[in-house]
Amino acid sequence: MKKLVVWIAGIVASVALVACSAPAQKQGESTASLLEQIKDKGVLKVGTEGTYAPYSYHDESGKLVGYDVEVAEKVAEKLGVKAEFLETEWDSMIAGLDAGRFDVIANQVGVTDERKEKYDFSTPYTYIYGALITLKDDTTITSFADIKGKKSANSLTSNWAEVAKSQGAEIIGVDGFQQAIELLTTKRVDVTINDNVAYLDYIKQHPEAPVKVAALSEDAQETALPVVKGNESLVKAIDQALKELADEGVLTELSKKYFGDDVSQVKK
């Protein structure tokens, strides 16, 4: 019995010694930050659609390309890792970020107050303005105030339809931007309002189209790379990468490659 007591005491002492020698870990402290994990693995996991031209899509050879894709690749290079793209439908993309399927999303995610409650955002890399689009030879419409009483082609549930309504325009419902332009060029409507990036993409594909941007909205919608809150070091590293890409002219180069204009900076 005495031997048993001595044996148990020895075990307790050994456990205590091991516990004392192990470094204490603070509550909520992770063994490695997300940035450190990314660098250790050498991979930045990026969520994207792959069906959203010209931001994220497949070219004729099947390669994943696009403005957002190349921005993410350049950011990954600055971090010293490679970008690994995980293609996901938009409806489940945010949930994928929450679940840790990817580290960031590169898919024109707008920076909103609601989203900022749950996610941290990088520096914006796209600035999108509302574009008031008219026929090239129309000199009567030069501002949003001029569309009162005019017909505007817009998707009925879009934010742009609400903008047109607020300016006193009559809304003619369409299924998309292509149809809106068709109604405009056949003079069945006077204007259409959409984001300037959609216009730039369209005019790049149809340089002969007899349309122009008569005015831009004063405020811009910013899009950036969202990261789940609590990963400040990763956000700072991405911001530094984007700053370097902007200073080096890379973001401007990519913008002009896909849109024919620089959408990476605020319009002055």
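**A walk through the model**

Let's start at one glycine. Gly 100 counts as partly exposed, because its relative accessibility is 38%. Where is Gly 100 found? Look in the loop between α4, residues 90-98, and β5, residues 104-105. Now find Lys 45. Gly 100 and Lys 45 are 55 residues apart along the chain. Their C-alpha atoms are separated by 9.3 Å.

One caution before we go on. This is a predicted model.

Now the whole protein. There are 10 helices and 13 strands. The protein has 268 residues, and 43% of them count as buried. What about contacts across the chain? Take the contacts between residues at least 6 apart in sequence: 67% of these join residues at least 24 apart.

Next, helix α7. Please find residues 177-185. Which residues of α7 are buried? They are Phe 177, Ala 180, Ile 181, Leu 183 and Leu 184. These residues lie on the same side of α7, because they cover an arc of only 160° around the axis. Here is some background on spacing. An α-helix has 3.6 residues a turn, so residues three or four places apart point the same way.

What covers the buried residues of α7? The cover includes the strands β8 (126-135), β9 (151-154), β10 (170-173), β11 (191-195) and β12 (211-224). It also includes a helix, α8 (196-205). After α7 comes Lys 187. Its phi is positive, near 60°.

On to the aromatic rings. We describe a pair by the distance of the centres and the angle of the planes. How many aromatic pairs are there? The count comes to 5. One of them is Tyr 52 with Tyr 55. The centres are 4.7 Å apart, the planes are at 50°, and the pair is tilted. How exposed are the two partners? Tyr 52 counts as partly exposed, because its relative accessibility is 32%. Tyr 55 is at 5%, so it counts as buried.

Now take Tyr 67 and Tyr 125. Their ring centres are 6.0 Å apart and their planes are at 45°, so this pair is tilted. The pair links distant parts of the chain, 58 residues apart. Tyr 67 sits in helix α3, residues 67-79. Tyr 125 sits in the loop between β7, residues 119-121, and β8. Tyr 67 counts as buried, because its relative accessibility is 0%. Tyr 125 is also at 0%, so it counts as buried too.

Tyr 52, Tyr 55, Tyr 67, Tyr 125 and Phe 259 form one aromatic cluster.

Last stop, the largest pocket. Its volume is about 790 Å³. It is lined by 24 residues. Which lie closest to its centre? Tyr 52, Ile 128, Trp 160, Asn 194 and Asp 195 do.

Which elements supply the lining? β8, α6 (159-166), β11, α8 and β12 each supply at least two residues. β12 gives the most, with 5 residues. By class, the lining has 10 nonpolar, 10 polar and 4 charged residues.

Methods: Residues are numbered from 1 along each chain as its sequence is written. This is a predicted model: local features need pLDDT of at least 70, side-chain atom pairs count only at pLDDT 80 or more; totals for chains, interfaces and linings use all residues. Side-chain values use heavy atoms; hydrogens and water are left out. Buried means under 20% relative accessible area, exposed over 50%, partly exposed in between (1.4 Å probe, protein chains only). Helices (H or I, at least four residues) and strands (E, at least two) are DSSP runs, numbered from the N terminus. The arc is that of the directions from the helix axis to the C-beta atoms. Contact means heavy atoms within 4.5 Å. Rings of Phe, Tyr and Trp (its six-membered ring) pair if their centres lie within 6.5 Å; planes under 30 degrees apart count as stacked, over 60 as edge-to-face and the rest as tilted. On a 1 Å grid over the protein atoms alone, a cavity is a set of points where a 1.4 Å probe fits but cannot get out, and a pocket is an open set with protein on both sides within 12 Å along at least five of seven lines; lining residues have an atom within 4 Å of a point. Grid points are joined across faces, edges and corners, and a volume is the space filled by probe spheres set on the points. Ala, Val, Leu, Ile, Met, Phe, Trp, Tyr, Cys and Pro count as nonpolar, Asp, Glu, Lys and Arg as charged, and the others, Gly among them, as polar.
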